[in-house]
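Visitor: I have a structure open and I'd like to learn how to read it. Could you walk me through some features?

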Amino acid sequence: MTTDRPNVLFVCIDALRSDFALGDYGSEKPFFDFFEREGTAFDTMIAAASSTTPCVSSYMTGSYPPDHGVLSLRDFTLDDDVTTLAEVFDAAGYETNAHVTGPITADTGLDAGFDSYEYRTRDETVYTDWFDEFRADVADASDPWFEYLHLWEAHVHRDLPPDATDDEIEYDASVRGVAEKLERLLEAIDLSNTIVAVTGDHGESIHDGTLRHKAAVIGLNQVPIPLTGKRSRHVRNDVEESLRARGIELEDFYNSLRRFSGVEFPNAFHRVGHSYHVYDFLTRVPFALAGPGVPAGRSVDDQVRQVDIFLTLLSAAGLEWPSEVSGQDLLDGRIDHRPAYLRGVGSEQERGRWLDGVRYDGWKFVKGRDRNIRQLFDLEADPDELHNVVDDHPDVVARLEAMVDDHVARERDRGEEGISEDAEQRMTNRLEELGYL
């Protein structure tokens, strides 16, 4: 098919923090410098959640979980009435392909619109023959094409490049290794006729390289308890559940320990991973794109939202889009400051344990559903979110809480029309393999 429409390569590096990609932390990564030089980079994109499936569904549909139906890792199937990015590209005559891993199996419905949806196993990484074959396939693809690539190497249980050293923070080494492989991928693509975009689905609490943090993570999570078959995390969870039943939450206490972490970048004191909360280090991700028609040398630090990716990629490709979306086109010259909704849901099936929040107007408000958590952070005065000022600003809390409540109220309970038992079991098996359960 002959067309002047550009190809589109859309890459998600799972668990990619903005401050380690476009920020000041970690090693130099020329791959991200390419976007800041040749394209447009957004360093404050706010994810819809701190776990993979709701986030991927949000940027693939331009809508939030209450609207697309993927509420958590266990409520994982897209509603039938939403339109995916791949469906729009497919309708425009693009060859559409996806290479994915993690929890975004075809059971999620995210395969809609893709001519091929290749799910690879955990051991097929950018350091194996799979990536060389993928690189060759992209180079030989027929124009115009839309390719989605989801990479897992920076996720917990990280895959490191062969030249990683003990002096590097493990997470930073994993991101550096992936970025170097993606540089090679760009060499195989006609960049004069291809829009390349990269993002993260959510952020990550990481091993920060200090002995203090290592001791805290091991002590509070991994120490075997004699004669019980349990580890310290099980005991900690039992204590937390007992206190929670009496209306006592320890999140502010754990958060206060972050002040003594001994590192410059924000991070959890006692955890490694994501999904348990919506702090910025768990939900602030990069988004960058370059290619024909994309403004070059533009760096944007305004708050934008994951749901904005949908319209932005379609706009860059010159395509029209459905009207029922929550996002905005980030390339039209004006960026409206809009509420960014967030959720911490993880693999929990009990909705009462979820956290919901909104990041807006210089504030972040977070509340539990059936949990006694209410937090407010002044992001200008306290960008690391160390001080809960919920009792000091009742008017701000009332305004933001109403926004959160209205957002959550849009959720639909699909009941018997939900996920099949077979799909549920397949996802349970997948989450166990990935270490979520």
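This is a predicted model: local features need pLDDT of at least 70, side-chain atom pairs count only at pLDDT 80 or more; totals for chains, interfaces and linings use all residues.

Visitor: Let me try another loop residue. Is Ser205 buried or exposed?

Guide: Buried, because its relative accessibility is 0%. Ser205 belongs to the loop between β6 and α7. Not counting residues up to four places away in sequence, Ser205 touches Arg158, Asn267, Ala268, Arg271, Val272, Gly273, Phe281 and Leu282. Phe253 is 48 residues from Ser205 along the chain, with 17 Å between the two C-alpha atoms.

Visitor: Now helices. How do I read which side of a helix is buried?

Guide: Here's the general idea: an α-helix has 3.6 residues a turn, so residues three or four places apart point the same way. Now the case here: in α7 (residues 211-221), the buried residues are His213, Ala216, Val217 and Asn221. They span an arc of only 95° around the axis, so they sit on the same side of α7. Among the elements covering those buried residues are β8 (230-231) and α8 (232-245).

Visitor: Which residues are buried in α1?

Guide: In α1 you'll find Phe31, Phe32, Phe34 and Phe35 buried. Look down the axis of α1 and its buried residues fall within an arc of 145°, so they line one face of the helix. Their cover includes β1 (7-13), β2 (39-46), α6, β6 (194-199) and β9 (284-290).

Visitor: How do I describe two helices that pack together?

Guide: In general, two packed helices are described by the angle between their axes and the distance between the axes. Take α1 (residues 30-38) and α6 (residues 170-187): they pack at an angle of about 60°, and their axes are 8 Å apart. That angle makes α1 oblique to α6.

Visitor: Which residues of α1 and α6 meet there?

Guide: From α1 come Pro30, Phe31, Phe32 and Phe34, and from α6 come Val175, Ala179, Leu182, Glu183 and Leu186. By class, that contact has 8 nonpolar residues, no polar ones and 1 charged.

Visitor: What about α5 and α6?

Guide: The axes of α5 (residues 129-140) and α6 cross at roughly 25° and come within 9 Å. That makes α5 roughly parallel to α6, and the crossing is right-handed. Phe131, Asp132, Phe134 and Arg135 of α5 make the contact with Lys181, Arg184, Leu185 and Glu187 of α6. Sort the residues of this contact and you get 3 nonpolar, no polar and 5 charged.

Visitor: At what angle do α7 and α8 pack?

Guide: About 70°, with their axes 5 Å apart. The two helices are therefore roughly perpendicular to each other. Ile218, Gly219, Leu220 and Asn221 in α7 meet Ser232, Arg233 and Arg236 in α8, which by class gives 2 nonpolar, 3 polar and 2 charged residues.

Visitor: Last topic: the backbone. Which residues should I look at?

Guide: Ala15 lies in the loop between β1 and α1, and counts as buried because its relative accessible area is 0%. Leu227 also isn't a glycine, yet it has a positive phi of about 70°. You'll find Leu227 in the loop between β7 (224-225) and β8.

Visitor: Is Leu227 buried or exposed?

Guide: Exposed, because its relative accessible area is 92%.

Visitor: Where is there a cis peptide bond?

Guide: Between Asp143 and Pro144, with omega at about -10°. Pro144 is part of the loop between α5 and β5 (145-151).

How values were computed:
Residues are numbered from 1 along each chain as its sequence is written. Side-chain values use heavy atoms; hydrogens and water are left out. Buried means under 20% relative accessible area, exposed over 50%, partly exposed in between (1.4 Å probe, protein chains only). Helices (H or I, at least four residues) and strands (E, at least two) are DSSP runs, numbered from the N terminus. The arc is that of the directions from the helix axis to the C-beta atoms. Contact means heavy atoms within 4.5 Å. Axes are lines fitted to C-alpha atoms, for helices over the stretch in contact, and angles run from 0 to 180 degrees between N-to-C directions. Angles under 35 degrees count as roughly parallel, over 145 as roughly antiparallel, 65 to 115 as roughly perpendicular and the rest as oblique. Ala, Val, Leu, Ile, Met, Phe, Trp, Tyr, Cys and Pro count as nonpolar, Asp, Glu, Lys and Arg as charged, and the others, Gly among them, as polar. A crossing is left-handed if the near helix is turned anticlockwise from the far one by less than a right angle, and right-handed if clockwise.
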